[in-house]
Amino acid sequence: MSTGMEVKLWNDKREREMYDNFAELYAIIKATERLEKAYVRDIISPQEYELECQKLIAHFKTLASTLKDTVPSIERFADTYKMECPSAINRLVISGVPATVEHRAAAAATTSTSAAIVAECVQNFITSMDSLKLNMVAVDQVYPLLSDLHGSLNKLSILPPDFEGKTKLKEWIARLSKMSAADELTEQQARQLHFDLESSYNSFVAALPNAGT
């Protein structure tokens, strides 16, 4: 005989909303996990992935904000319901942006870092050459400039290890380090150093990617 009783998960409207939100959160995490796997396996295009991922992340952020008191830890929520969705947790909780956006950001950061170092090298080359033209030929004037230039060239990974500019600078730095601070370069030494710097600068510009394009 049927008792006609209904089994309810909730006692009031507020509880019902909470369980509805739990179900929604569960669905978003599962959908994100499927999407991440599809992207990794090239089942969907990067454009489709990014559009869908942005939608899921936006829904997740709204829902997570609503549930912050009842679900303080999304990782714990996933563990409780044995979801096993590590890619989704990484995308939604840790990263917060689609993988395609992460990749673009990483590429841009590398490019901008390289551009900043190139600008630093150019500045150091020009400063070193200008100082010689201004007859700043004392060791304690020349050495720091060459040292800075050598340091900035070493930071630029696009240059080969045997780049002639680095080799010549190393030789000059070694020579200057054996002299006292008050010593001055002779006119011939200053002229040779300026020639080496100019030659190295031209080689440096030629070694840059897309030079002359």
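A crossing of two helices is called left-handed if the near helix is turned anticlockwise from the far one by less than a right angle, and right-handed if it is turned clockwise. Helices are DSSP runs of H or I with at least four residues, numbered from the N terminus.

This report describes a predicted model, in which local features need pLDDT of at least 70, side-chain atom pairs count only at pLDDT 80 or more, and totals for chains, interfaces and linings use all residues. Residues are numbered from 1 along each chain as its sequence is written, and side-chain values use heavy atoms, with hydrogens and water left out.

**Helix pairs**

Axes are lines fitted to C-alpha atoms, for helices over the stretch in contact, and angles run from 0 to 180 degrees between N-to-C directions.

| Pair | Angle | Axis distance |
|---|---|---|
| α6 (residues 139-155) and α7 (residues 164-177) | about 150° | 10 Å apart |
| α2 (residues 46-66) and α4 (residues 86-95) | about 60° | 11 Å apart |
| α5 and α8 | roughly 160° | within 10 Å |

Angles under 35 degrees count as roughly parallel, over 145 as roughly antiparallel, 65 to 115 as roughly perpendicular, and the rest as oblique.

Helices α6 and α7 pack at about 150°, which makes α6 roughly antiparallel to α7. The crossing of α6 past α7 is left-handed. Contact means heavy atoms within 4.5 Å. On the α6 side the contact includes Val 139, Val 142, Tyr 143 and Leu 146, and on the α7 side it includes Leu 169, Trp 172 and Ile 173. The residues of this contact are 10 nonpolar, four polar and two charged. Here Ala, Val, Leu, Ile, Met, Phe, Trp, Tyr, Cys and Pro count as nonpolar, Asp, Glu, Lys and Arg as charged, and the others, Gly among them, as polar.

Helices α5 and α8 cross at roughly 160° and are therefore roughly antiparallel to each other. Helix α5 passes α8 in a left-handed crossing. Among the contact residues are Val 118, Phe 125, Ser 128 and Leu 132 of α5, and Leu 193, Leu 197, Tyr 201 and Phe 204 of α8. This contact has 11 nonpolar, three polar and two charged residues.

Helices α2 and α4 pack at about 60°, and they are therefore oblique to each other. Their crossing is right-handed. Tyr 49, Cys 53, Leu 56, Ile 57 and Phe 60 of α2 meet Arg 91, Leu 92 and Val 93 of α4. Seven of these residues are nonpolar, none is polar and one is charged.

**Cavity and pocket**

On a 1 Å grid over the protein atoms alone, a cavity is a set of points where a 1.4 Å probe fits but cannot get out, and a pocket is an open set with protein on both sides within 12 Å along at least five of seven lines; lining residues have an atom within 4 Å of a point. Grid points are joined across faces, edges and corners, and a volume is the space filled by probe spheres set on the points.

The count comes to one cavity of 30 Å³ or more. The largest cavity holds about 30 Å³ of space. Its lining consists of Ser 128, Ser 131, Leu 132, Val 142, Leu 145, Leu 146, Leu 193 and Leu 197. Helices α5 (99-133), α6 and α8 (187-207) each supply at least two of the lining residues. The lining has six nonpolar, two polar and no charged residues.

The largest pocket holds about 210 Å³ of space. Its lining includes Arg 14, Glu 15, Met 18, Thr 66 and Asp 69. Helix α1 (residues 13-40) gives the largest share of this lining, five residues. By class, the pocket lining has two nonpolar, three polar and four charged residues.
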